Amino acid sequence: MTEYEHVTEDVEALVEDRDIPRRLKLRIYDTIEEREGVSPAQADEIAQAVEARYLDTRVDPLDPVGTVSAQSIGEPGTQMTMNTFHYAGVAEIDVTQGLPRLIELVDARKTPDTPMMTVYLEGEYATERERAHEVVWSMEATKILALGDVSTNVADMVVQIDLNEDTLMERWPTVDNVDTVAQEIAETIEDALGVKTRRSGTVVEFGPEAPSYRRLLQLVEELRDIVFKGIEDITRVVIRKEENDETGDEEFVLYTEGSAFGDVLPIEGVDASRTTSNNIHEIHRNLGIEAAREAIINETMNTLREQGLDDVNVRHLMLVADIMTNRGEIESIGRHGISGSKDSVLARAAFEVTVNHLLDAAIHGEEDDLDGVIENVIVGKPIAIGTGDVDLRMGSIEASADDETDAAAPEPSDD
Amino acid sequence: MQTPKEIGAIQFGLMDPETYRDMSATKVITADTYDDDGYPIDMGLMDPRLGVIDPGLQCRTCGSHSGSCNGHFGHIELAAPVIHVGFTKLIRRLLRSTCRECGRLSLTDEESEEFRDGLTRTEELGEDWTDVLKSAVRQARKANNCPHCGAPQHDIKHEKPTTYYEVQDVLAGDYSERIASAMQPDEDDEDDAGMAPSTLADQTGIELQRVNQILSGEFRPVGDDRKKLEKALDVDLTEEDMNKLMPSDIRDWFEDIPNEDIVTLGIDPNRARPEWMILTVLPVPPVTARPSITLDNGQRSEDDLTHKLVDIIRINQRFMENREAGAPQLIIEDLWELLQYHVTTFIDNEISGTPPARHRSGRPLKTLSQRLKGKEGRFRGSLSGKRVNFSARTVISPDPTLSLNEVGVPERVAREMTQTMNVTERNLERAQQYVRNGPEGHPGANYVKRPDGRRLKVTEKNCEELADKVEPAWEVNRHLIDGDIVIFNRQPSLHRMSIMAHEVVVMPYKTFRLNTVVCPPYNADFDGDEMNMHALQTEEARAEARVLMRVQEQILSPRFGQNIIGAIQDHISGTYLLTNGNPHFSETQALDLLRATSIDTLPEPAGEEEDGRPYWTGRQLFSELLPDDLNLEFSSSTGDDVVIRDGQLVEGTIDEDAVGAFGGEVVDTLAKVYSKTRSRVFINEVASLAMRAIMHFGFSIGIDDESIPEEANEQVDEAIQSAYDRVQELIEIYEAGELESLPGRTVDETLEMKIMQQLGKARDSAGEIADDHFTDENPAVVMARSGARGSMLNLTQMAGCVGQQAVRGERINRGYEGRTLSHYQREDLSAEAHGFVENSYRGGLTPREFFFHAMGGREGLVDTAVRTSKSGYLQRRLINALSELEAQYDGTVRDTSGTIVQFEFGEDGTSPVKVSSNEKDGIDVENIADRVMDAEFTSDEEKERFLGRREPPTNLSEYAGPGLDKAQSTEVESDD
């Protein structure tokens with residue numbers, strides 16, 4: 001072989017013949033290389049022993065992996081805390097943790113209790129604080145109270161906004177002129193409230209067309225809700241310096257309170273390949289179902305890790321994520337999702353809302369073929385999983401052996 | 001009708017009233033059950049043709065006796081049709097979407113076609129078709145006129161639960177007044193001068209004369225005229241006319257709906273006709289489904305369903321009589337409604353808006369729906385969860401002399417639980433002996449079965465006689481004996497290790513006995529826990545239990561892929577004492593330590609004491625339990641590196657990380673690399689050795705073990721005092737308004753966080769001070785270090801300072817306005833006013849501290865209570881959703897209908913049982929290569945096995961089979 005000096009063609013042929021995955025074969029070659037070559041017989045024995053070990057570590061056919069996975073996730077649930085608010089790495093942002101978060105995930109809620117995003121940056125945005133802040137300001141929803149003082153003059157029926165010059169310069173780092181920013185703000189107000197504004201420098205004034213005390217107060221209320229810059233759903237952004245897992249370099253990472261995944265990805269400076277949200281539906285919408293599956297796995301794993309239960313094997317989480325995304329969209333686990341859409345009437349009736357399922361089944365003339373587990377428990381038949389899935393056919397060995405001598409090779413049987 | 005042998009499929013559908021009558025055993029007309037002599041009344045609710053419940057009687061329909069007769073349905077001919085409550089929504093939908101004249105669906109043929117296609121498509125995709133149905137109904141409802149016959153359609157109003165009205169907009173009676181008032185000028189608005197009749201005539205295009213007629217109420221403006229007037233005056237001239245639809249009307253209406261049209265609405269015409277949703281005949285459930293109970297005083301108590309049926313028949317009878325007598329319509333309607341009510345509550349007694357039918361005592365009746373619903377209902381309570389025979393439950397207690405595969409079964413339980421023994425020539429004598437011992441003696445027998453199928457009870461009187469009759473081909477139900485396999489379970493059964501198979505050891509007294517090492521998988525302790533045992537009844541079940549379910553097969557947990565069974569608590573303290581510092585033992589001591597294990601010879605002594613006597617070390621003795629070729633290196637929880645070379649513990653302390661449950665390295669390696677049997681033997685022997693060791697050294701804990709010297713106490717007080725000072729400083733800064741808030745936090749939050757931080761530090765330093773004053777021999781320290789029980793935090797709280805009490809993750813802030821207790825000033829931010837406990841448990845808490853501590857403790861209790869129910873439901877949902885998934889021979893994961901969920905389990909097909917979560921795969925290629933190259937195999941057989949050409953020997957019992965088991969050390973014990 002080209003890469004390996006000491007792996008002869010005979011050895012390679014013997015190793016390649018074994019029923020083991022590539023990664024293990026490569027490790028065998030590495031070992032042989034390290035030992036500066038072995039005899040083909042030894043290589044074969046090594047490969048055989050590895051194969052035996054490998055086959056031993058594989059899941060047994062007919063293993064009820066579903067139930068095992070469900071138990072492996074459900075059982076640690078009893079050890080989790082109910083405390084909703086706790087800190088996830090970033091002390092500044094509260095995130096739902098523990099059992100409530102786990103329930104939220106398998107429920108596939110449309111919006112999580114505490115939406116948040118982890119936004120990674122690319123290029124100089126990740127290394128320079130100034131540039132990172134540019135991204136922050138284009139994400140964080142900026143409301144009027146953050147920009148200056150608002151005062152209501154009842155006598156003149158005007159609302160006066162005294163914009164803070166420094167804040168403007170900070171939040172609009174790409175614009176050099178305060179006037180431009182103030183003008184922009186004034187225009188936003190005009191568009192949003194439908195009033196005329198008067199501006200002198202950084203002071204913006206406006207009032208109701210006809211003098212009305214109520215209208216004036218209403219305008220102030222409305223003014224507070226206007227988003228001048230950034231994304232409405234993102235209420236707060238926290239910037240942190242972290243070590244990049246892959247490169248080991250330091251970089252700036254943004255954590256947001258509130259989530260608007262689709263709006264954040266196109267922002268300049270955002271590294272869309274690493275940025276994530278804890279809203280699995282947003283990920284599904286923007287990146288597709290495979291990404292959503294990955295997000296479910298990561299989110300559940302993080303939830304477990306936060307509780308010190310990260311010894312749960314990822315494979316269990318993968319199975320849960322896979323069944324939730326199996327139909328190409330996110331289905332919840334429970335009555336409104338997977339359990340409610342089962343083929344079997346009896347299985348659905350045995351889970352929840354028993355009577356309605358039976359009545360509907362009657363109307364639609366459904367037929368239960370008794371394939372699943374729960375149905376067969378109900379009717380008292382063996383279930384087709386594990387040892388119940390094996391059919392043992394008994395017959396004379398001699399008779400079938402006679403038949404087979406005629407044929408050159410034994411025919412594979414039908415089952 | 002014949003009972004099927006095996007159910008192939010179950011069809012659901014509605015039943016034709018004619019079929020009801022056909023299958024009915026009798027018509028029921030009498031609202032009474034039994035006559036004065038206690039005999040069931042003919043054509044009454046307990047008619048003997050409906051089945052038998054009293055033993056000894058014969059069924060008048062099928063001729064079989066109680067127990068073998070399932071019962072037979074009867075029927076009640078309803079005087080007038082009534083609506084089935086379960087289908088009220090569907091009835092409403094049908095009324096709204098079909099024509100009142102011709103019964104056709106109010107959709108054009110093309111639309112129908114489209115919805116039908118949509119329906120089949122969603123069904124093929126296995127998706128929910130209710131959305132398609134709803135949009136079809138919505139579309140049909142829009143039609144004002146029937147697209148087929150052109151008849152105008154009216155809106156349907158549904159008054160829950162079972163009343164329907166046809167709503168028509170008709171001209172209001174006071175139309176002229178309404179028009180006139182609309183023409184009056186608006187008093188508030190000066191600009192409005194009202195409208196003159198002539199203007200109105202101009203605007204609407206109605207002649208002035210006609211307008212005047214309308215205004216005087218002589219002419220009724222209908223149709224276009226009305227609409228024009230309404231538009232011009234901006235007034236509503238209609239009122240709703242409600243026409244009640246009687247169930248008989250609805251039934252007639254539905255009869256006209258053609259089969260093709262209901263398919264569009266998702267109804268299968270082969271199984272259900274819409275008119276069948278209106279009941280004309282009511283089936284009477286067989287008496288077996290509503291047995292009456294005879295109370296102690298001889299009074300009969302009837303089932304809830306019977307009570308309800310009595311009501312129905314009574315009203316039905318009255319209805320018929322009244323109608324025949326020609327009673328006024330009003331009375332008939334009232335009775336009709338009453339009949340509807342009774343039939344409704346017969347089906348479902350929890351309909352909202354309807355008062356539930358009650359028993360005389362005021363308890364709501366449990367009718368049909370209530371029988372099916374919920375946790376104790378038919379589905380979840382009786383069909384998914386079944387009651388079984390051959391089960392036992394009692395308190396558990398520990399017995400370290402048992403193997404982990406065994407369970408001590410009280411003799412009394414063993415005498416009840418039996419195993420069927422097929423008598424052959426080979427076991428004839430034993431079988432006879434069992435029968436001879438009778439039901440009271442242990443190992444005896446309770447029943448015998450002759451080849452002709454007759455079962456005989458073995459009694460004290462007939463046992464001798466019966467024993468002689470026993471021959472091959474008989475069956476003997478003998479008592480449980482040592483070595484039988486049983487299933488053992490502790491609830492809640494959260495994972496598969498909650499149900500495991502054990503081998504029986506029959507014992508005196510009344511508790512189940514367990515080896516303490518199986519406590520972690522069951523999550524059991526001995527503070528009064530009870531467990532269940534099930535004796536297996538078929539050979540297949542026993543074989544499966546032995547091969548798959550025995551405790552030793554469950555040593556590795558599939559959750560994290562490491563051992564869940566291993567040494568716990570005192571075992572760990574024991575091995576710690578034995579190996580930490582490597583103490584010396586004399587020959588007698590060494591032999592005493594090993595005497596509970598299978599090791600019967602001592603190794604070469606490690607050296608000689610000064611006086612010339614040989615000594616053995618703790619590590620040496622521990623090494624005796626290890627396989628000779630074990631090589632391992634890891635770091636222990638005590639903190640030192642453990643090195644095992646060629647089966648000898650060279651250095652390091654054996655503690656939780658080595659032999660403990662939940663991933664003890666040695667146990668884990670033995671289970672994965674060697675065999676389950678080897679690891680079972682190891683765990684048993686480690687436990688025995690550790691118990692001997694801990695007894696050798698002596699181990700106890702008392703209150704004095706947590707006390708620290710006076711100077712240490714002073715240091716702790718100092719540390720706490722300085723923390724108080726720092727907190728005071730923070731408060732002063734805060735009150736001066738100079739506290740800088742952390743990003744994203746308010747100043748108040750920042751202050752709280754900083755105070756919490758300071759107080760946390762105070763407790764930690766108190767802990768450190770306390771820790772410095774504990775010796776390494778302190779039993780609490782030994783337990784915490786070795787991982788046996790407790791933590792350094794526990795010790796800190798006992799000896800140093802309990803620390804901050806928290807509710808909802810914050811300092812305690814609740815109570816009175818501005819303060820936690822009336823002992824403090826308002827707005828006191830100090831540590832002690834918000835639940836900081838500066839004393840230690842050993843020193844004792846002040847009353848106020850105690851109160852705060854109780855607050856924190858209460859939160860914990862509430863948390864646990866809430867959590868168990870929430871996580872229980874989560875678990876149930878997860879299992880229900882995933883229960884059908886199974887790994888296939890091709891490595892894919894599919895559900896029982898064949899849908900592929902994963903192409904390879906966990907992306908690489910690796911079993912979570914055999915590979916722990918933190919490693920990639922469990923294969924050490926280097927090590928394998930080493931072994932092959934060095935070729936250090938003692939025999940060809942071993943090498944064959946290593947290469948996987950030969951299966952390792954299987955062990956099926958503690959008593960038999962290859963491997964290290966009881967068979968090696970003792971004779972196979974005789975069965976009696």
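Trainee: Which label does B:Cys62 get, buried, exposed or partly exposed?

Mentor: This is a predicted model: local features need pLDDT of at least 70, side-chain atom pairs count only at pLDDT 80 or more, and totals for chains, interfaces and linings use all residues. Residues are numbered from 1 along each chain as its sequence is written, while chains are lettered from A and ligands numbered from 1 in the order in which they are written. A residue is buried with 20 or more other C-beta atoms within 10 Å of its own, exposed with 12 or fewer, and partly exposed in between, with C-beta atoms placed from the backbone. B:Cys62 has 17 C-beta neighbours inside 10 Å, so the label is partly exposed.

Trainee: Where in chain B does B:Cys62 lie?

Mentor: Helices (H or I, at least four residues) and strands (E, at least two) are DSSP runs numbered from the N terminus. B:Cys62 lies in the loop between helix 1 (17-23) and strand 2 (74-83) of chain B.

Trainee: Which residues does UniProt list for "binding site"?

Mentor: UniProt positions are given in the numbering used here, with feature names shortened, and annotations may be inferred rather than shown by experiment. The entry is unreviewed, and under "binding site" it lists B:Cys59, B:Cys62, B:Cys69 and B:His72.

Trainee: With which residues is B:Cys69 in contact, leaving aside its neighbours within four places in sequence?

Mentor: B:Cys69 also sits in the loop between helix 1 and strand 2 of chain B. B:Cys69 is buried, because 22 other C-beta atoms lie within 10 Å. Contact is counted when two C-beta atoms, placed from the backbone, lie within 7 Å. With the sequence neighbours set aside, the contacts of B:Cys69 are B:Gly51, B:Val52, B:Cys59, B:Cys62 and B:Ser64.

Trainee: What radius of gyration does chain B have?

Mentor: The C-alpha atoms of chain B fill a box of roughly 140 × 100 × 65 Å along the principal axes. The radius of gyration is taken over C-alpha atoms, and the globule rule is 2.2 Å times the number of residues to the power 0.38. A compact globule of 976 residues would come out near 30 Å, but chain B has 41 Å.

Trainee: Which element of chain B gives the most residues to the side that touches chain A?

Mentor: In total, 87 residues of chain B are in contact with 98 residues of chain A. Elements giving two or more residues to this side of chain B include strand 1 (10-11), helix 14 (378-383) and helix 30 (847-882). The residues on this side divide into 38 nonpolar (Ala, Val, Leu, Ile, Met, Phe, Trp, Tyr, Cys, Pro), 20 charged (Asp, Glu, Lys, Arg) and 29 polar (the others, Gly among them). The element that gives the most, with 14 residues, is helix 30.

Trainee: What is the bridge partner of A:Asp368?

Mentor: Strand 11 (residues 367-368) of chain A pairs with strand 1 of chain B in the antiparallel sense over two bridges. In strand 1 of chain B, the partner of A:Asp368 is B:Ile10.

Notes
Pairing = 2+ DSSP bridges.
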